[in-house]
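Have the sequence and the 3D view ready as you read.

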Amino acid sequence: MFAYGHNNFTWNGTLRELEGNWNEKRGPQMTASLSSSSGLEVLLSTLQNEGDVESTLNVLSVLDELLSAGTDRRIHYMISKGGSEALLTALVNSGRSFCPNYTVLLQLLHLLAKVGHRDRRIGMKAEEAGAVLLTLNLLKHNVKHAKRAAACLWVIQVFSSSVSTANLIGQNHGLDVIFRLIPQYTTKHLHTIKAAINAFAALLSTKANVGSVVSEGYISGLLRLYEDWHSHDTQHAAVAIRHALLRCLHKVTNRTAGRQSFISQGGLSLLYRTTQECLLNKGLECLVEPSVQLMRKCLPKTPLPLISDQSAYTFPLPGRPPAVPDVDVAPDESSEESDGEETDENQEAESRDFDDDLETDLNKLRLRPDPDRPKELLPQYGRLCPELSHDFKDLDLSSEPEESSASSSSSDEDAVLLNSLSPHSSRRDKRRSNSSSDSSTSSSGSHCEMERSTEGHAPDSGQLEARDFHSYSSILSTSPGSRTMVREASGEASPGLREDEQCDEEEGAEESHHRTMIDRLLERHGACIPHHEPKLYCAAATKTKSIPGFSILAFPDFWGHLPPPGPESMAPRKPNIQRQKVIEDVQRFLNTDEIINQVVFDLEDSSFQCPSESLRFFSNFECGNLRKAVQVRRCEYDLILNADANCSQHAQWFYFEVSNMVADVPYRFNVINCEKSNSQFNYGMQPVLYSVREALEGRPHWVRTGTEICYFRNHFCPAQDRRRETFYTLTFTITFKHNEDVCYLAYHYPYTYSALKSHLKVLEKSLDPAKVFFRQQILCSTLAGNPCPVVTITACPASRAWKDMHQLRNRPCIVLTGRVHPGESNASWVMKGTLEFLCSSDLMAQSLREAFVFKIIPMLNPDGVINGMNRCDLNTEDLNRQWCKPDPVLSPTIYHTKGFLYFLNSIGRTPLVFCDFHGHSRKKNVFLYGCSVKETLWQSGSTVDTVGLKEDPGYRTIPKTLDRIAPAFSFNSCNYLVEKSRSATARVVVWREMGVLRSYTMESTYNGCDQGIYKGLQTGTRELQEMGLKFCHSLLSLTKDMRALHNRRLINHVDLDHSVLDHKSHNCFEDDEPPCVEEVEYSIDCPTLKGTDLDSDVNRNMARADDEEDGDGDDEGHRGAKQRRSSIGQSQQSSMRSRLFPHLMSQASIETLSEKRNSCNAASIANGQMTS
Ligand SMILES: [Zn+2]
């Protein structure tokens, strides 16, 4: 119980009663208590009313106890009740006083520090109250008084949260005053020193203050101080001081001028050295992290070692001058391009409030816009429904010969594939085989050939060489031992060796010899890979048109891939891996001895001579996209990826060949121009590796591999384009198993356009034409002239009877598309699984074929896939943003897919399901995005009344089924929101314009799963293909004839209407991942030091008697509030009177000074006494 009898305020309540006012704030009685003035308000008004010292101290005591006992909530309540203003007024009143009572002042300052710390507007309030310069002045007059100085410094720190306040203090020499309070190493007054450093750091939040700190050389001073404290503080008693100094350096280096000064003053080497020492002591961890972040931040911006940011590949677009390709995407556009359906990777967009993006205009959600073309253009798509016109006269025969009427394009395609093993390709092969009798010449031959083909953008058919395939086959003929073979093969595979121009050699020999070698190689080593035929692949690739005119096949694509036998766990993240990598990066700037920095591969320089000691790189093949490799250290390489053709962005996907390695040596690879702000590589994902040697020994596997993996923002910037500032490094370390192997590394399991073509051919050959109606046709030609396949799969009718034919012609359509984003090869593997299942003899597949007609466009962006692009097509557009009004010339595949859908719509065959297969780089599992009006309105918090709104909940059937039957699938990751930013995606347009209720994007992770039986495992092609199969299974849930299926126990019945729509819809815009254990970004501030917050410092100061800290035997020698209150003797007060406030600043003069904040030459209020 407290009694305040000395003024007009008497409080006979208890602390608890006072607290009651806080508690009520949360309760329903709040309004009642607000009506009457609360105990707190009485306290605050007492405080401002300049009562006697004792009652003021009493009030302060009570406030302090109240605030110390509770949570931040109390302080915020107090702030809302004008607590800050009351304290500031009291401070100004006491501080102005002729004879300041330091007991009161100290209490006030302490409270103000605690309260102001949580008041975002404290700076402004302090300025209004005239408390800013008053506090600075108090500090100046108490620099020799540690405890008072500390209290002033905390308050200054708190005030400096406002830019204008910090600048005001800076203009009034606050920086000088405070900096002088930071001495060289000492063991005294540590808490005051720390307060000074923290106040100094707080002032450095403004550009003006950093500017003056840089110009006055304080950065050098800060570095010397840090060095001094670091070297003397051998007992680590002053870690907090050292940490605080690092905070200052962090603040100052947030500005360019600060970073430059930091570097020129030797900050990098100093920090590097001290960090190395700190690393030896576990107790100094807290200094390592801020030091490493600081070094990262200050590493000078380094342009990528490229002549141009523009892709090495340009393609002349129709209607545009070839020399002026579509240059960089403007920065503001970058927020438009998110990853597929995936949320935007750019930071601006990540912070976007996603609710703003939801479409809430009911008209836009429900009304179908007019078609984007006249309906006369639709009948042309009738040819893509061969099942409707086919007469099935010869059910027993292959239907192929019948098809001549159906489409000439189909026979075109056949012609391509039938050419498979002969004329041009083998002519080339024969030539290669000649030249390679000398192992060093074949690669030069390849290069020669490449050069030749780059003369034209689309090489004529036949310019194709199976690089490795060729190498191995030729070696096989001379040296059967596989060991020798691989060694020689890898020697041969090196792209750098280029001696003579064998390619012009006579071509007239040994075709049959070469053919035999292919056969022998395949016979001896050929892996039996289901649905893959190397020869067919080779033949298909012959016709593939790439911008550079690829003439070489990557071995894995040619040879084929089988998933490895066992599961592959996600890689555990090595503790502090990023720190270690950053420190290694810093060494590049400091220690030039071991730095090589030599270019060892350059896509654009075919005459390039690779040093014999280095790894050899190569990527001039389908889907390959390594642009440059730089050997940094003996076993470390920087890799630069080619941007998407015709533009300067979108590097993320990679695929390249590496050879000339030594076994059991760890090689570090850094992909230094990644663009996404975070990656699953920070969460257990590994890149994939394929070893030719292993493949020839019977293990043709892409395997997850690599250690020391992490992904973080680096110091590189574009070579020219200054609009984008940042790149990210993906670093990983590979220890190769074999000497001089030839290996391939990729972001994810590659799947080429040629693979698709040969796969379709194999499928067609594999199925029973009497049962399965399978037709491959060409949707259209791409910009580069590659045919875009469309496949029809359904069941042949049981007979030609009217009933069966009628059933066939009334089967609902299912339309599936994929790989619109070329970097999303996972989508192709899901598609592969889908196609194989649909063509299989599985009972369920048969049921599905009988129930539906499948229209599948497996690769919507062949040109992007072929040329190793990540995101766009040759037109530099994200094709999945073109669906609203696709351009017939520039986006032909989208234009015609949409046209085909319009056609189906026009003949009353609107698809039952549409699904576009994608890959998601930042989430785990597989999931669907769908479209729902109701869920979108609910999620957006729209006020539109949805009660009367009818919506078929059938869009949930497939995801619900998949959740039960597909182990990789996660229902919780699905959502059904219609976003404005995705209004031009396939999913939304097909839903809105075609009225397809079940219109989806299916996203498959690049990494793995965090739920279900695959939890903790990385996804392989087996799981991706299984996902395709399960997707097909889920379609059975839509068939009306469920009974038969039930009886066969194939699938459980799925209720179409029991979807109780829950309002909870997963937010697709957020990462699933928790924050990375190490900051991916270096732009963040100094990591905080645990247990050293302002409050605890203030509390310690309050509890501490001065003489413990202060050597000058000043006042206040006693502990305890009561004693302190009365401890200031009269004589001391008078001596203080002369020492403090000699100018007796009046309120008016303080106000005048406050107004000077905008003047650079504002007079110091120090009156000369304490400034020197
Ligand atoms: Zn995508």
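## Helix pairs and a zinc site

The crossing of α7 and α45 is left-handed, a word used when the near helix is turned anticlockwise from the far one by less than a right angle (clockwise would be right-handed). This is a predicted model, in which local features need pLDDT of at least 70 and side-chain atom pairs count only at pLDDT 80 or more, while totals for chains, interfaces and linings use all residues. Residues are numbered from 1 along each chain as its sequence is written, and side-chain values use heavy atoms, with hydrogens and water left out.

Helices (H or I, at least four residues) and strands (E, at least two) are DSSP runs, numbered from the N terminus. Two packed helices are described by the angle between their axes and the distance between the axes. Axes are lines fitted to C-alpha atoms, for helices over the stretch in contact, and angles run from 0 to 180 degrees between N-to-C directions.

| Helix pair | Axes come within | Crossing angle |
|---|---|---|
| α7 (residues 102–116) and α45 (residues 1094–1103) | 9 Å | roughly 165° |
| α15 (residues 218–232) and α18 (residues 267–279) | 11 Å | roughly 20° |
| α16 (residues 239–252) and α19 (residues 285–298) | 10 Å | roughly 15° |

The angle of α7 and α45 is roughly 165°, which makes α7 roughly antiparallel to α45. Angles under 35 degrees count as roughly parallel, over 145 as roughly antiparallel, 65 to 115 as roughly perpendicular and the rest as oblique. On the α7 side, Gln107, His110, Ala113 and Lys114 meet residues of α45 including Leu1094 and Val1098; contact means heavy atoms within 4.5 Å.

For α15 and α18, crossing at roughly 20°, the helices are therefore roughly parallel. Here α15 passes α18 in a left-handed crossing. Leu223, Arg224, Tyr226, Glu227 and His230 of α15 take part, and among their partners in α18 are Leu270 and Arg273.

Helices α16 and α19 are roughly parallel to each other too, and α16 passes α19 in a left-handed crossing. Their contact includes Leu246 and Leu249 of α16 and Leu287 and Leu294 of α19.

Which protein donors hold the zinc ion? They are His821 (ND1), Glu824 (OE), Glu824 (OE) and His918 (ND1), lying 2.1 to 2.2 Å from the ion. Donors are N, O and S atoms within 2.8 Å of the metal (3.2 Å for Na, K and Ca), and water is not among the atoms, so sites may look incomplete. In sequence, the donor residues follow the spacing H-x2-E-x93-H. Glu824 sits in the loop between β16 (813–818) and α36 (825–838), and His918 in strand β18 (residues 913–920), 94 residues apart.
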